[in-house]
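Here are a few exercises on charged side chains and how they pair up. Grab the viewer and try each one before reading its solution.

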Amino acid sequence: DIFVFKECEYELLSRQGREKASGCKGVRNVLDKDSTDRWAKTVGYWELEKEDGYQQSFPFLGDALRCYDDFIVSCRGADIKRADLNLPEEWVIDSEAKCPPVRCNVQLENID
């Protein structure tokens, strides 16, 4: 079988594989090993768990990571650190911690 991913998703999956020790903050991959569906068994989906216990599922890792980052920025505001984010390269963070971070104008290939 061949599984096709968008290039940006493949890059995130590759990066996540290299950084397996640290993992993704607030996001986990859910596989169904008993499924007859090979996608569910091999690729699965991404589940976001927020600090308030709310869960949400995403088909793409990038969408789940961005949703978590949005959530954590909305909770912590100006007190956020680059290490708190999954995709810190997508944010402009005030070094003096006076203003909340804002997302950079990055082109998100997952969004049409």
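**Exercise 1.** Find which kind of contact joins the side chains of Arg103 and Glu90, and where the two residues sit.

*Solution.* Start with the contact: in this predicted model, Arg103 and Glu90 form a salt bridge, with N to O at 2.8 Å. Last, check burial: Glu90 has a relative accessible area of 7%, which is under 20%, so Glu90 is buried. Arg103, at 24%, comes out as partly exposed.

**Exercise 2.** Work out which parts the pair Asp70 and Arg103 ties together.

*Solution.* First, the contact: a salt bridge joins the side chains of Asp70 and Arg103, 2.4 Å from N to O. Asp70 lies in helix H3 (residues 61–76) and Arg103 in strand E5 (residues 102–103), so this bridge ties together parts 33 residues apart in sequence. Asp70 is partly exposed, at 36%. Now zoom out: Arg66, Asp70, Glu90 and Arg103 are linked in a network of salt bridges.

**Exercise 3.** Decide for Arg28 and for Glu47: buried or partly exposed?

*Solution.* These two side chains meet in a salt bridge too, at 2.8 Å, N to O. Arg28 is in strand E1 (residues 27–30) and Glu47 in strand E2 (residues 45–49), 19 residues apart. With 42% relative accessibility, Arg28 is partly exposed; Glu47, with 8%, is buried.

Notes. Residues are numbered from 1 along each chain as its sequence is written. This is a predicted model: local features need pLDDT of at least 70, side-chain atom pairs count only at pLDDT 80 or more; totals for chains, interfaces and linings use all residues. Side-chain values use heavy atoms; hydrogens and water are left out. A salt bridge is a side-chain nitrogen of Lys or Arg within 4 Å of a carboxyl oxygen of Asp or Glu. Helices (H or I, at least four residues) and strands (E, at least two) are DSSP runs, numbered from the N terminus. Buried means under 20% relative accessible area, exposed over 50%, partly exposed in between (1.4 Å probe, protein chains only).
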